[in-house]
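Subject: Structure handover and what was found in it

Dear colleague,

I am passing on the structure that you asked about, and below it you will find my notes. Please read them with the sequence and the model open beside you.

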Amino acid sequence: MTKAVKPLMPLDEACAIILSHVKPLQAVESVASWDADGRVLAEDVSSELDVPALDNTSMDGYAVRSIDAQQSGTRLHVVQRIPAGSHGVMLHAGQAARIFTGAPIPPGADAVVMQEHVATDPAQHDHIVLNQAAVAGQWIRRAGEDVAKGVVILPKGTRLQPAELGLAASVGRDRLKVLRKPRVALLSTGDELIMPGTVAPADMKPGTIYNSNRYFLRALLQRSGCEVSDLGIVADQKQATMDVLSQASETHDLIVSSGGVSVGEEDHVKPAVQALGVLHVWQIAMKPGKPLAFGWLNKPTTKAAAQPCYFMGLPGNPVSSYVTYLCVVWPFLAALQGIVQPAPSAFSLPVHFDWPRPDKRREFLRVRRNVQGGLDLFPNQSSGVLTSAVWGDGLIDVAPAQALRHGDVVSYWPFSHWLS
Ligand code: AMP
Ligand code: MG
């Protein structure tokens, strides 16, 4: 009788288990807003003022009382001049104020006439003639229309990006409380790996390859807001792997490894993690990316225990490593940092190719949008072909055993969702 093969864990189930183990980071630091790009807010930012603070003009022109300016041809006396940065005085019947974009509307005025709709009276230079009637409220930006005083404009857990930094500055914030960056140790396993720069291509020994995973994983982790310690390449030996993991677990929130997590005799990552801690997930039903491991290395024994050191073992094949990072490590790091922005959502787009022989695992194909609004497929979807991730601008999600015909609509995620 043949032994039943345990089905692999579906990706969604693996992610749910991983997220259920996440204990979000708590340590907070104050940084200059200048330096806060990409950081995660650890406070609710609210405003102590209305933005804009006063009603002001969105055009260069003349502030008027609309009641005086019901008809084209109205003649008004220009009695004041209000550049941005100053403020005017009460406007009375028959009067207008020369006004420039951003300047506050003077009391009494309730509309702005664009300078293009006004002629100066050649006989009397301090008089204007309107060539259009004015409607109350026109070209006025209302106080508080951007931000109302007292309102939370950026909630705790917001990942700060350029627009968020601008908004915080608009309410006067030059410093922000942010979460400490996750400390992540990155290591590569594989005796075949050579670091670029150490051996020239012409001098490489047969069987050796350059370590590409280390470069993109480091960059991906940095884009996820992490402080990365690069631990280099670990030999394919259980004891060496255990030594590195054990040491790194003392000072890091997460260890990410690539390679050595499969079932070969040279794959020592899984037994090393099991010897040091707990493995919660191992192998998932996705392609590329089956050999993925998640666990923790110094299981906290009490409630008060320090943050655990999590472990993510990514596959060695470069595309598998890349795709599992996006699908698994990225949401894990978002949860670890308590990020409140929604996870990337998929677009529905038609494929402009056939995919007649689907895999029985859920598959993420590297595709590129075309000018017809459809998706083209990179011809070689092998998990070792990193060119597919460079040529492609995103992934599509193909359900287990789902064949695709030209025109079928699929879920597509642009890489930019994860990389911003
Ligand atoms: P492994 O998971 O260790 O069995 O590795 C699977 C495949 O990925 C092998 O062909 C390895 O040579 C390759 N590989 C592993 N690590 C890396 C790396 N850091 N950069 C490029 N290729 C790698
Ligand atoms: Mg290996």
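Into which domains is the protein divided? There are four entries to look for: domain 1 (11-25 + 181-336), domain 2 (28-49 + 152-179), domain 3 (56-141) and domain 4 (347-419), with bounds that come from an automatic or database domain assignment. The centres of domain 3 and domain 4, taken over C-alpha atoms, are separated by 58 Å.

Before going further, please note that this is a predicted model, in which local features need pLDDT of at least 70 and side-chain atom pairs count only at pLDDT 80 or more, whereas totals for chains, interfaces and linings use all residues. Residues are numbered from 1 along each chain as its sequence is written, chains are lettered from A and ligands numbered from 1 in the order in which they are written, and side-chain values use heavy atoms, with hydrogens and water left out.

Sheets

Helices (H or I, at least four residues) and strands (E, at least two) are DSSP runs numbered from the N terminus, and two strands pair if DSSP finds at least two bridges between them. One open sheet is built from six strands in the order 7-4-6-5-9-8, with mixed pairing. Strand 7 (111-114) and strand 8 (118-120) each have a single partner strand because they stand at the edges, so one side of each is left without a neighbour in the sheet. On average, neighbouring strands of this sheet are turned by 40 degrees against each other, direction ignored; the axes are lines fitted to C-alpha atoms, for helices over the stretch in contact, and angles run from 0 to 180 degrees between N-to-C directions. Strand 8 pairs with strand 9 (residues 127-130) in the antiparallel sense over three bridges, and Ala119 has Val129 in strand 9 as its bridge partner.

Another open sheet, also of mixed pairing, has six strands in the order 16-13-17-21-20-18. Here strand 16 (227-234) and strand 18 (278-282) are at the edges with a single partner strand each, so one side of each has no neighbour in the sheet. From one strand to the next, the twist averages 20 degrees. Strand 17 (residues 254-258) and strand 21 (residues 310-314) run parallel and are joined by five bridges, and Ser258 stands opposite Leu314 in strand 21.

Ligand 1

Which residues are closest to ligand 1? Of the 15 residues that surround ligand 1, the closest are Glu192, Asn211, Ser212, Gly260 and Gly316, where a residue is near if one of its heavy atoms lies within 4 Å. A backbone N or O atom of Ser212 lies 3.1 Å from a nitrogen atom of ligand 1, and a backbone N or O atom of Asn317 lies 3.1 Å from an oxygen atom of ligand 1. The protein covers 76% of the 480 Å² of accessible area that ligand 1 has on its own, as given by the Shrake-Rupley method with a 1.4 Å probe.

Salt bridges and backbone details

The structure holds 14 salt bridges, each a side-chain nitrogen of Lys or Arg within 4 Å of a carboxyl oxygen of Asp or Glu. One of them joins the side chains of Glu29 and Arg39 (2.8 Å, N to O). Glu29 lies in strand 1 (residues 28-32) and Arg39 in the loop between strand 1 and strand 2 (45-46), so the pair ties together parts that are 10 residues apart in sequence.

Most residues other than glycine have a negative phi, and most peptide bonds are trans. A cis peptide bond joins Val51 and Pro52, with omega about -5 degrees, and Pro52 is placed in the loop between strand 2 and strand 3 (56-57). Gln283 has a positive phi, near 75 degrees, and is found in the loop between strand 18 and strand 19.

With kind regards

Key:
A polar contact is a pair of N or O atoms within 3.5 Å; within protein, one must be able to donate a hydrogen and the other to accept it, and residues adjacent in sequence count only if both atoms are side-chain atoms.
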